[in-house]
Amino acid sequence: MQDTDLEGLFATARAGRPSPSAGLTARIAADADAVQAGFKPAPTPAGRRPWAGWIAAMGGHRVLAGLATAALAGLWLGFAQPAPVVTLTLTLRHAFAADAGPWAIELIPPLDAFGLEG
Amino acid sequence: MALDALSDVSDEALLVLYANGDPWAARALTLRLAPRLLGFAARMLADRTEAEDVTQEAMLRLWRMAPDWRQGGTGVSTWLYRVASNLCLDRLRKSRPRGLEDVAEPEDAAPGVVARLIEADRMQALDRALAALPDRQRQAIVLRHIEGLTNPEIAAVMDIGVEAVESLVARGKKGLAALLSGQRAELGYEDGG
């Protein structure tokens with residue numbers, strides 16, 4: 001048996017490659033479909049975060065963080081006890097209630113006091 | 001994406017499409033790769049039914065591996081040949097030693113057509129000679145001379161060096177020539193070598 005004879009046999013074998021039967025092709029396709037059905041769909045940016053578009057429209061995460069901070073600060077100012085203002089009001093009320101000359105607080109001094117001065 | 005539109009897409013790209021849910025990618029890969037796997041397994045096992053089982057199992061492993069496929073490494077066909085080779089060798093190890101008489105007769109010899117008869121006889125003789133070779137030599141011969149893989153590709157499939165592939169192919173061809181040398185006239189070859 002010569003090399004050329006062997007090459008001829010190999011060439012015939014290459015040309016006569018068997019074709020998969022319809023049954024085998026169907027089984028392979030069924031396997032492929034079954035395996036593919038088990039794959040999780042590849043997440044897209046929009047699919048993974050439905051609110052991603054809204055965040056982008058608002059200006060991004062940093063802008064939203066600033067807005068949230070401002071909102072919380074407003075709530076705090078609205079509900080927090082205004083203790084320094086109350087303290088000042090009570091002090092002034094006690095001062096006016098005391099009818100004692102030397103302790104009177106003159107918020108607006110009378111003009112004649114300036115006239116007496118030489 | 002329709003099947004026709006996938007004809008120019010590489011195996012690797014088809015596998016990625018399959019992993020991403022494309023319904024046609026698996027069909028395209030099957031049409032492209034299953035005949036090669038079946039031919040290889042049939043030559044290795046000399047049994048059509050077992051060859052079909054190996055082909056289905058190898059393709060199933062490909063589907064399961066698809067989401068983890070990394071492009072740039074071993075090609076899809078090389079990977080599949082490696083899987084099919086291992087499946088064939090496993091079956092050969094588990095089965096009883098196969099004698100020349102175990103090789104199946106041709107299913108259809110196209111009666112009345114002498115050329116087809118001669119061709120069928122030659123393929124039967126080749127299959128018998130291949131079955132008589134050691135498994136690794138048969139694997140290397142089939143991959144190199146029938147499936148048309150390059151020596152580096154065969155080295156990747158068999159997980160050996162290129163020089164080892166060359167040695168296996170050379171010894172395999174020498175063994176085939178010796179096994180077929182007494183059948184030249186019977187197979188329709190003219191005298192002269």
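Is B:Asp159 buried or exposed? B:Asp159 is exposed, because 10 other C-beta atoms lie within 10 Å; a residue counts as buried if 20 or more other C-beta atoms lie within 10 Å of its own, as exposed if 12 or fewer do, and as partly exposed in between, with C-beta atoms placed from the backbone. The legends below concern a predicted model, in which local features need a pLDDT of at least 70, side-chain atom pairs count only at pLDDT 80 or more, and totals for chains, interfaces and linings use all residues. Residues are numbered from 1 along each chain as its sequence is written, while chains are lettered from A and ligands numbered from 1 in the order in which they are written.

Figure 1. The predictor assigns the complex an ipTM of 0.80 and a pTM of 0.66. The average pLDDT of chain B is 86, and 85% of its residues score at least 70; pLDDT is the predictor's confidence in each residue, from 0 to 100. Within chain B, the highest confidence belongs to H3(B), at a mean of 96, and the lowest to H5(B), at 84. Where pLDDT is low, the predicted coordinates should not be read in detail. Chain A holds 7 helices and 0 strands, in the order α-α-α-α-α-α-α along the sequence. Helices (H or I, at least four residues) and strands (E, at least two) are DSSP runs numbered from the N terminus. Of the 118 residues in chain A, 8% count as buried.

**Figure 2. The contact between chain A and chain B.** Chain B contributes 35 residues to this contact and chain A contributes 26 residues; two residues are in contact if their C-beta atoms, placed from the backbone, lie within 7 Å. On the side of chain B that touches chain A, the elements giving two or more residues are H1 (11–19), H2 (25–45), H3, H5 (114–132), H6 (135–146) and H8 (162–180) of chain B. The largest share of that side, 8 residues, is supplied by H2(B). By class, the side of chain B that touches chain A has 18 nonpolar, 10 polar and 7 charged residues. In this classification, Ala, Val, Leu, Ile, Met, Phe, Trp, Tyr, Cys and Pro count as nonpolar, Asp, Glu, Lys and Arg as charged, and the others, Gly among them, as polar.

**Figure 3. Helix H2 of chain A beside helix H3 of chain B.** The axes of H2(A), residues 22–37, and H3(B), residues 48–65, come within 9 Å and cross at roughly 20°. The two helices are therefore roughly parallel. Axes are lines fitted to C-alpha atoms, for helices over the stretch in contact, and angles run from 0 to 180 degrees between N-to-C directions. Angles under 35 degrees count as roughly parallel, over 145 as roughly antiparallel, 65 to 115 as roughly perpendicular and the rest as oblique. Among the residues that make the contact are A:Leu24, A:Ile28 and A:Val35 of H2(A), and B:Met59, B:Leu60 and B:Trp63 of H3(B). By class, this contact has 7 nonpolar, 3 polar and 4 charged residues.

Figure 4. The residues in contact include B:Ala34, B:Leu38 and B:Leu45 of H2(B), and B:Ala51, B:Val54 and B:Trp63 of H3(B). By class, the contact has 12 nonpolar, 2 polar and 3 charged residues. The loop between H2 and H3 of chain B holds B:Ala46. Although B:Ala46 is not a glycine, its phi is positive, at about 55°. B:Ala46 counts as buried because 20 other C-beta atoms lie within 10 Å.

**Figure 5. Helix H7 of chain B and the residue that follows.** B:Glu153, B:Ile154, B:Ala156, B:Val157 and B:Met158 are buried in H7(B). The buried residues of H7(B) pack against H4 (76–94), H6 and H8 of chain B. B:Asp159 follows H7(B) and has a positive phi, near 60°. B:Asp159 lies in the loop between H7 (151–158) and H8 of chain B.

**Figure 6. The surroundings of B:Ala125.** B:Ala125 belongs to helix H5 of chain B. B:Ala125 counts as buried because it has 20 C-beta neighbours inside 10 Å. Apart from neighbours within four places in sequence, B:Ala125 is in contact with B:Leu180, B:Gln183 and B:Leu187. The C-alpha atoms of B:Ala125 and B:Glu186 are separated by 10.0 Å, and these residues are 61 residues apart along the chain.
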